[in-house]
Amino acid sequence: MNIGVIGIGFVGAVTAAVLADQGNSIIALDIDSDKIARFNSGDIPIFEPGLKELILKNKKNLKFTADYRMLRGTEIIFVAVPTPNLNGKINLDYVYRAISSIKSINNDAIIVIKSTVIPGTGSKIKDEFNVNIVSNPEFLREGNAIEDTLHPDRVIIGGEEEYAEKVANVWKFSNSPILITTRENAELIKYASNSFLATKISFINEIANLCQKIPNADVETVAKGMGYDRRIGPLFLKAGIGYGGSCLPKDTEAFIKYAEELGEEMKIIKAARNVNEERIERIIKIMENKIGKIGGLKILQLGISFKENTNDVRESQALKLYYALIKKGANVIVFDPVSKIEGIRYCESIKDCLISIDAIVVATEWAEFKILEEMDLKIPVIDGRRILNPEKFERFIGIGRYCDD
Ligand code: UGA
């Protein structure tokens, strides 16, 4: 099938690569011509495990362009442009621009909205532009994007059956459950899912706060015990310094605002946001109580991205922790396997960094940070992501373990 993809960020790039790999002819479009030049030369500007290999493997039927005219003749066009927040409210400018550009080339393709948009957006666009619109929200996780696109837990498609079925056919290869519904339900499923995930994380983080006050308590074991219950499930119960990234904080915020406009207060989601917002303060307090004044200490921070296997630092809690430590007067040096930001002092390897360090703080859940367990460290190790075995350290301070603070 001839398919177009507009917006070559994480979602667009992965969708284009996976669909090309399934034998479709893909035109991947982005208005950023520098980015297009990089994709065309094989210098993929996105770090995502397996993505570069998949793009290079499918070079023949995956074309990158900044020219909308190349989309003429495509039967389905996925729109995966950003929907940032403006004062907490969703900004749909990029989506609207993409739709008018499609219209301007007279394409009568089925337009599939992959971008996260508030309920009602697809139907509004259909009426305003007189186009065939289907909603197909994205559930992939950064760092796991290829696998999540090949085998999603579910495929949600909203729109008129005739068009929804055609889009369903594109995803049949995944053998995942496909739910065809209204556009509004599909759009809601996306927000409700991300908000629920954020709530799960904040819930366990609140239990972690409590565990810190109870001798012999540890949130890791509590979460494990809870997770055996199939009604609860073990995933997204990892306590830590909070959720970040380009999706959970933005989507919860936009959902709260959207509901407000309908006269509804999303009390649970607001609470999840509030718990998340105080995570950095919490970990700083734990550190101060356990190792004393932070000002003047030389601290090695492990991880700056918002989670493992990505170089993405958008809304990263690790980055917020870094700035909070600096504000306290600490001398912070960072090691991150892939993420580099200007103005931050980095070291090349964990071993290189250890000389004259007063404390180590783990801020991102990269598996390779487990190497600390083999280092026989005498200095305090603060595990903000609970990836380390406490037994392996002389002075272990972990989120959600009794710590007398
Ligand atoms: C999230 C959703 O998980 C995807 O389903 C969705 O498609 C995506 O947003 C989106 O809307 O595009 P992502 O932002 O890639 O995916 O990252 P997550 O894996 O959800 O992690 C988000 C944050 O939560 C990270 O900072 C991570 O460290 C934190 N987290 C996650 C925890 O603190 N504890 C957990 O148990 C899980």
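**View 1. Helix H8 at the ligand shell.** In this predicted model, H8 contributes four residues to the shell around the ligand, the largest share. Helix H8 covers residues 183–211, and helix H10 covers residues 248–261; each of these two helices supplies at least two residues of that shell.

View 2. The ligand is surrounded by 22 residues. The closest are Phe139, Leu140, Glu142, Lys190 and Glu365. Sorted by class, the shell holds 10 nonpolar residues, nine charged residues and three polar residues.

**View 3. Polar atoms beside the oxygen atoms of the ligand.** Glu365, one of the closest residues, places a polar side-chain atom 2.7 Å from an oxygen atom of the ligand. At Gly244, a polar backbone atom is 3.0 Å from a ligand oxygen atom. In the side chain of Arg385, an N or O atom lies 3.3 Å from an oxygen atom of the ligand. Taken alone, the ligand exposes 720 Å², and the protein buries 92% of that area.

**View 4. The crossing of helices H8 and H9.** Helix H9 comprises residues 219–227. The axes of H8 and H9 come within 9 Å and cross at roughly 135 degrees. Because of this angle, H8 is oblique to H9. The crossing in which H8 passes H9 is right-handed.

Technical notes
Residues numbered from 1 in each chain as written. Predicted model: local features only at pLDDT ≥ 70, side-chain atom pairs only at ≥ 80, totals over all residues. Heavy atoms only, no water. Near = heavy atom within 4 Å. Polar contact = N/O pair within 3.5 Å; in protein donor to acceptor, adjacent residues only side chain to side chain. Areas by Shrake-Rupley, 256 points an atom, 1.4 Å probe, with all protein chains shown as cover. Nonpolar A, V, L, I, M, F, W, Y, C, P; charged D, E, K, R; others polar. Axes fitted to C-alpha atoms, helices over the stretch in contact; angles between N-to-C directions. Parallel < 35°, antiparallel > 145°, perpendicular 65-115°, else oblique. Left-handed = near helix turned anticlockwise from the far one by under 90°.
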